[in-house]
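I opened this notebook to keep a record of what I looked up in one structure. The entries follow the order in which I checked things.

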Amino acid sequence: MGISHYIKEIGRGARGARPLSREQACDLFGQVLDGTVTDLEIGGFCLAMRIKGETPEEMAGFLDATHARLVRFPASERPLVVLPSYNGARKLPVLTPLLALLLAREGLPVLVHGSATETARVLASNVLEALGTAPLTAVREIAAGEAAFAATELMSPGLKRLLDVRRVVGLRNPGHSVVKLMQPGAGACVVVGSYTHPEYARVMADTFELTGMTALLSRGLEGEVVSDPRRTARIDGFVRGVRTELQAQQPGTDPEVPGLPKDIDVATTADYTRRVLAGELPVPEAIATQVRHITQLASHA
C-alpha cells in the first residue's frame with residue numbers, strides 16, 4: 001500500500017507528469033481519505049496535483065472514492081438540490097442562503113454544505129444561522145421545502161482533513177474540487193456547480209458527463225455557486241450526464257442591483273435576504289433565472 005508510486009507519476013511537473021486512470025485515482029484518493037498514508041505523502045500528492053491539474057478521469061476517480069466513503073443523506077421525496085459553499089463573501093454579500101431559501105420555497109429539499117477554507121470571509125453558514133437555520137448535528141432526510149446546512153466533516157471527516165491541508169501549505173488541492181462536485185444524497189440529486197477560471201469549467205463539465213450526474217454549471221459569485229446578480233452568465237445543465245446550454249453569456253455588468261447592500265457582514269446580508277423573501281425587495285433576475293433552471297433540472301433528475 002501507499003501512494004508514493006502514484007506521486008512518482010503525477011509529480012514530474014506540468015509537462016512530464018502522467019495522468020492517472022480513474023481506477024488509480026480512486027485507489028489513491030481512497031487511501032488519503034482513510035488516513036492510511038503519511039502526512040508527507042499527502043503533502044506530496046497535494047503539491048503534485050496543484051502543479052499538474054486534475055483530468056476529468058482523475059476527478060471521476062476521486063469522486064468514486066469519496067462516494068464510497070461518504071455518509072449520505074437519505075433519499076428525499078423530491079431530488080435533493082446540493083449547494084456547495086466553501087468560499088464566502090469577499091466584496092459582495094454571500095447570496096447562497098438566498099438561493100437555498102428560494103429553492104426551498106419551490107418545494108425542493110436543499111442541502112448547503114461547506115467548511116471555512118478561507119479566512120476573514122463571511123460564510124453562508126453564518127448567514128443561514130442568523131436566519132434561523134443552525135448546522136445539522138446528524139445526517140438525516142432533508143424534507144421537501146427545507147433548506148439545511150451540513151459541515152463537511154459530518155459527511156466525511158477524511159475530506160475535511162484534506163481541506164485543512166490548505167491552512168498548512170497555502171494552496172488548494174483536489175479536495176477543494178471534490179467537495180464542489182460530490183453527491184451527498186443517497187437518492188436523486190441536482191448538484192449546483194460553479195467555476196471562477198474558465199479552464200476549470202471544461203474539467204467540471206467533462207466530469208459531470210463522465211459520471212452521469214444531473215447538475216447545473218455556471219460562473220459563480222466569488223467562488224460561490226449562486227449567480228452574480230450583476231451579470232448574465234452562461235449556464236449549462238446536465239441530466240444524467242447529457243449536457244444542454246440553458247443560457248448564453250451576455251456581455252456587460254449592471255452597475256446597480258436594486259436593494260443589494262454595499263456591506264457584506266452577516267446581519268446586513270441576513271436582513272437583505274429576509275426582505276427579498278418577504279417581497280419587499282426584488283429577487284435579482286440572475287438568481288431568479290438560476291432558480292427556474294434548477295427547478296426544471298430537478299423535474300428530470
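Where is Glu222 found? I looked it up in the predicted model and placed Glu222 in the loop between S5 and S6.

**Entry on backbone angles.** I checked phi of Glu222 and got a value near 55 degrees, which is positive in a residue other than glycine. I noted that most residues other than glycine have a negative phi. I then turned to Arg240, which is not a glycine either and has a positive phi of about 50 degrees. Arg240 sits in the loop between S6 and S7. Is Arg240 buried or exposed? I put Arg240 down as exposed, because its relative accessibility is 53% and the cut-off for exposed is over 50%.

**Entry on the sheet.** I traced an open sheet of 7 strands with mixed pairing, in the order S3-S2-S1-S4-S5-S6-S7. Its edge strands are S3 (147-151) and S7 (242-247), each of which pairs on one side only. From one strand to the next, the twist averages 25 degrees. I took one pair for a further look: S4 (residues 189-195) and S5 (residues 215-219) run parallel and are joined over 5 bridges. Within this pair, I found Gly193 opposite Leu217 in S5.

**Entry on helices against the sheet.** Which strands does helix H12 lie across? I listed S4, S5, S6 (235-239) and S7 for helix H12 (residues 198-211), and its direction is at about 160 degrees to S4. Helix H14 (residues 285-298) also packs on the sheet, where I saw it touching S1 (80-84), S4, S5, S6 and S7. The direction of H14 makes about 155 degrees with that of S5.

**Entry on one residue of H14.** I picked Thr295, which is found in helix H14. I counted Thr295 as buried because its relative accessible area is 19%, and buried means under 20%. Setting aside neighbours within four places in sequence, I found Thr295 in contact with Leu103, Glu106 and Leu108.

**Entry on a pocket.** I looked at the second largest pocket, which has a volume of about 210 Å³. Which helices each supply at least two residues of its lining? I wrote down H4 (39-52), H9 (157-164) and H10 (166-169). The lining residues include Val32, Gly35, Asp39, Ile42, Arg161, Leu162 and Val169. Sorted by class, I have 7 nonpolar, 3 polar and 2 charged residues in this lining.

Conventions. Residues numbered from 1 in each chain as written. Predicted model: local features only at pLDDT ≥ 70, side-chain atom pairs only at ≥ 80, totals over all residues. Heavy atoms only, no water. 1 Å grid on protein atoms, 1.4 Å probe; cavity = no way out; pocket = protein on both sides within 12 Å on 5 of 7 lines; lining within 4 Å. Points joined across faces, edges and corners; volume = space filled by probe spheres on them. Helix = DSSP H or I, 4+ residues; strand = E, 2+ residues; numbered from the N terminus. Nonpolar A, V, L, I, M, F, W, Y, C, P; charged D, E, K, R; others polar. Pairing = 2+ DSSP bridges. Axes fitted to C-alpha atoms, helices over the stretch in contact; angles between N-to-C directions. Contact = heavy atoms within 4.5 Å. Buried < 20%, exposed > 50% of the residue type's maximum accessible area, 1.4 Å probe, protein only.
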